[in-house]
Amino acid sequence: MPMHNLTFRQLETIREVARCGSMVKAAQTLCVTPAALTSRVKSLEEDLGLELFERFEGRLRLTEAGKEVVAAATRIDNVMSELLSTLHGRNGHLGGRVRIAFVVTAKYFAPRLIAAFMEHHPQIDIRIYVGNRHSVIATLRDFEADIALMGRPPEDFGVTSEAIGPNPYIVIAPPDHPLSSKSLISKTELTNQNFILREVGSATRSLFEYFFGDLPVQSDKVRIEIASNETVKQAVMAGLGLALISAHTVEFELATGRLVLLRVEGLPLLREWYVMHHAERALTPAGSAMWNFIVTKGHSFLPKPAIEPRPGKPLKV
């Protein structure tokens, strides 16, 4: 096959395998068998005379040639999206596609926010990606997301961002915990407690390391690491330890008494929720409509846990 016959479908296939990190997961997304997908990729590599993937620590990793293929697929996808949005605009209709990525913690409000936007603009196609801070930043940096919702904006590339509301962090415990009745708890008192952490790369993990960085709790009392807020909550309720977590993730559990907030000196830590897009790529009309909706309406969708506010500026952590 001459290289000029390379199709966009093939480019998209390589991009999906790279995103999933395995043939099995990519095959499920593409609705083909792993064997068929493996054969498709190997055939393309043979035709191009280049290897597009290498295996590293049990995952498929792009070679330099593979990175070029994925970058080309992303550029073409962006151009097609902008074209569709422009053509819809010429017909007098706001249409096209918007790809929005948000961190896992935002799932407690982002789906309702997106649903409200879609009620106003049902003709716009919405694609959603959810991951930890590291992966969401990657989608924004690589132009795979038009808009992102997360905490502190990245610093290694330019973004346009707007704060949409506060995101307080607290320490939670089971209702029968010995510290639950104390009116004020010092950080030092927590050094004897076991803690449950989110995974490395998450915003919650970074905030834990910032707050407890000067105490031995960081290394001596971390017993469990979990990559899910829901599982963290269940582990705390089971008595496996305490957790520093966004108050937005435990609004229901605090209201029903399944968890309690510990009144720790210096908490809650206050961060901000931001909406952002890559500074080097202008939003389409559809993207601009979502951006304006989030900036003006986003704060009204944030959870409202019953916690006492703490004075001070939001942290840039």
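Reader: Where does F143 sit in this predicted model, and how big is its relative accessible area?
Author: F143 is in the loop that runs between α6 (133-141) and β5 (147-150). Its backbone has a positive phi of about 60°, although F143 is not a glycine. Buried would need under 20% and exposed over 50%, with partly exposed in between. F143 counts as partly exposed because its relative accessible area is 25%.

Reader: C31 also has a phi worth a look, so is C31 buried or exposed?
Author: C31 belongs to the loop between α2 and α3. Not being a glycine, C31 still takes a positive phi of about 60°. Most residues other than glycine have a negative phi. The relative accessible area of C31 is 71%, and the cut-off is over 50%, so C31 is exposed.

Reader: How are α2 and α3 arranged, roughly perpendicular or roughly parallel?
Author: Helix α2 covers residues 23-30 and helix α3 covers residues 34-48, and their axes are 8 Å apart. The packing angle is about 105°. Angles of 65 to 115 degrees fall in one class, so α2 and α3 are roughly perpendicular.

Reader: And which residues of α3 does α2 meet, and what kinds of residue make up the contact?
Author: From α2 come M23, V24, A26, A27 and L30, and they meet P34, L37, T38 and V41 in α3. Sorted by kind, the residues of this contact are eight nonpolar, one polar and no charged.

Reader: What span does α1 reach, and which of its residues are buried?
Author: Helix α1 takes in residues 8-20, which is 13 residues. From first C-alpha to last, α1 reaches 18 Å, close to the 18 Å expected at 1.5 Å a residue. Just after α1, G21 has a positive phi of about 80°. The buried residues of α1 are Q10, L11, T13, I14, R15, E16, V17 and C20.

Reader: Back to I14: how far is L52 from I14 in space, C-alpha to C-alpha?
Author: L52 is in the loop between α3 and β1 (53-56), and L52 is buried because its relative accessible area is 1%. Leaving aside neighbours within four places in sequence, L52 is in contact with I14, L44, E45, R61, L62, T63, A65, G66 and V69. L52 and I14 are 38 residues apart in sequence, yet their C-alpha distance is 8.1 Å.

Reader: Is K233 buried or exposed, and what is in contact with K233?
Author: K233 is part of helix α9 (residues 229-237). The relative accessibility of K233 is 2%, so K233 counts as buried. Setting aside neighbours within four places in sequence, the contacts of K233 are Y108, I245, T249, V250, E253 and L259.

Reader: Which side chain makes a polar contact with Q193?
Author: Q193 lies in the loop between β6 (159-173) and β7 (195-197). Its relative accessible area is 18%, and the cut-off is under 20%, so Q193 is buried. The side chain of Q193 has a polar contact of 2.9 Å, and the partner is H177.

Reader: What is the omega of the cis peptide bond between L267 and P268?
Author: P268 is in the loop between β10 (260-262) and β11 (269-278). Most peptide bonds are trans. The bond joining L267 and P268 is cis, with an omega of about 5°.

Terms used:
Residues are numbered from 1 along each chain as its sequence is written. This is a predicted model: local features need pLDDT of at least 70, side-chain atom pairs count only at pLDDT 80 or more; totals for chains, interfaces and linings use all residues. Side-chain values use heavy atoms; hydrogens and water are left out. Helices (H or I, at least four residues) and strands (E, at least two) are DSSP runs, numbered from the N terminus. Buried means under 20% relative accessible area, exposed over 50%, partly exposed in between (1.4 Å probe, protein chains only). A polar contact is a pair of N or O atoms within 3.5 Å; within protein, one must be able to donate a hydrogen and the other to accept it, and residues adjacent in sequence count only if both atoms are side-chain atoms. The expected span of a helix is 1.5 Å times one less than its number of residues. Axes are lines fitted to C-alpha atoms, for helices over the stretch in contact, and angles run from 0 to 180 degrees between N-to-C directions. Angles under 35 degrees count as roughly parallel, over 145 as roughly antiparallel, 65 to 115 as roughly perpendicular and the rest as oblique. Contact means heavy atoms within 4.5 Å. Ala, Val, Leu, Ile, Met, Phe, Trp, Tyr, Cys and Pro count as nonpolar, Asp, Glu, Lys and Arg as charged, and the others, Gly among them, as polar.
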